[in-house]
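Please look first at the sequence and the model shown below, and then read the report beside them.

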Amino acid sequence: EGFSSLEVHGDSMQPTLLNGDQIIIDRQIQRVDVSGIYVIGLRGDLLVKRVQRMLDGSLVVKSDNVA
């Protein structure tokens, strides 16, 4: 209960996650308390991104793929 699975599409998180990988999502997490990989809802789309919490409380959202 409270968990879902999602198939990753695209290459933005390579090499950590590959196109077609299945990930498990804890839907009970509603805020970023620690840095990590999160699924973010944005304008009706779901994005899998690395979110880093900065010392000032701001968040940095980025892809792992350097390209």
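A residue counts as buried when its relative accessible area is under 20%, as exposed when it is over 50%, and as partly exposed in between, using a 1.4 Å probe and protein chains only. The model is predicted, and local features need pLDDT of at least 70, side-chain atom pairs count only at pLDDT 80 or more, while totals for chains, interfaces and linings use all residues. Residues are numbered from 1 along each chain as its sequence is written, and side-chain values use heavy atoms, with hydrogens and water left out.

**Overall picture**

Of the 67 residues of the protein, 19% are buried, and the C-alpha atoms fill a box of roughly 35 × 35 × 20 Å along the principal axes. The protein contains five strands and zero helices, where strands (E, at least two residues) and helices (H or I, at least four residues) are DSSP runs numbered from the N terminus. Along the sequence this gives the pattern β-β-β-β-β. Among contacts with a separation of 6 or more, 28% come from residues 24 or more positions apart, a contact being heavy atoms within 4.5 Å.

**Charged pairs**

The structure has two salt bridges, each defined by a side-chain nitrogen of Lys or Arg within 4 Å of a carboxyl oxygen of Asp or Glu. One of them joins aspartate 33 to arginine 31, with 2.8 Å between the closest N and O atoms. Arginine 31 counts as exposed because its relative accessibility is 58%, whereas aspartate 33, at 48%, counts as partly exposed.

Aspartate 64 and arginine 50 also meet through their side chains in a salt bridge, at 2.8 Å from N to O. This pair links distant parts of the chain, since aspartate 64 lies in the segment after strand 5 and arginine 50 lies in strand 4, 14 residues apart. Aspartate 64 has a relative accessible area of 18% and is therefore buried, while arginine 50, at 28%, is partly exposed.

| Residue | Relative accessibility | Class |
|---|---|---|
| Arginine 31 | 58% | exposed |
| Aspartate 33 | 48% | partly exposed |
| Arginine 50 | 28% | partly exposed |
| Aspartate 64 | 18% | buried |

The side chain of aspartate 64 also makes a polar contact of 2.5 Å with the side chain of threonine 16. A polar contact is a pair of N or O atoms within 3.5 Å; within protein, one atom must be able to donate a hydrogen and the other to accept it, and residues adjacent in sequence count only if both atoms are side-chain atoms. When neighbours within four places in sequence are left aside, aspartate 64 is in contact with Ser12, Met13, Gln14, Thr16 and Arg50.

Three strands form an open sheet in the order 3-4-5, with antiparallel pairing; two strands are said to pair if DSSP finds at least two bridges between them. Strand 3 and strand 5 stand at the edges with a single partner strand each, so one side of each is left without a neighbour in the sheet. From one strand to the next, the twist averages 45°, an angle taken between the N-to-C directions of lines fitted to C-alpha atoms, on a scale from 0 to 180 degrees.

Strand 3 (residues 36–42) and strand 4 (residues 45–53) run antiparallel and are joined by seven bridges, one of which makes valine 48 the partner of valine 39. Two residues lie between these strands in their hairpin, where arginine 43 takes a positive phi near 50°.

Strand 4 pairs with strand 5 (residues 59–62) over four bridges, again in the antiparallel sense. Arginine 50 has lysine 62 as its bridge partner in strand 5, valine 51 has valine 61, and arginine 53 has leucine 59. The hairpin of strand 4 and strand 5 has five residues between the strands, and glycine 57 there takes a positive phi near 95°.

**The nonpolar core**

In soluble globular proteins, nonpolar side chains tend to be buried together. Here the largest nonpolar core has five residues, namely Val8, Met13, Leu17, Ile23 and Val48. Such a core is a set of buried Ala, Val, Leu, Ile, Met, Phe, Trp, Tyr and Cys residues joined through side-chain atoms within 4.5 Å. Not counting residues up to four places away in sequence, methionine 13 touches Ile37, Val48, Lys49, Arg50, Lys62, Ser63, Asp64 and Asn65.
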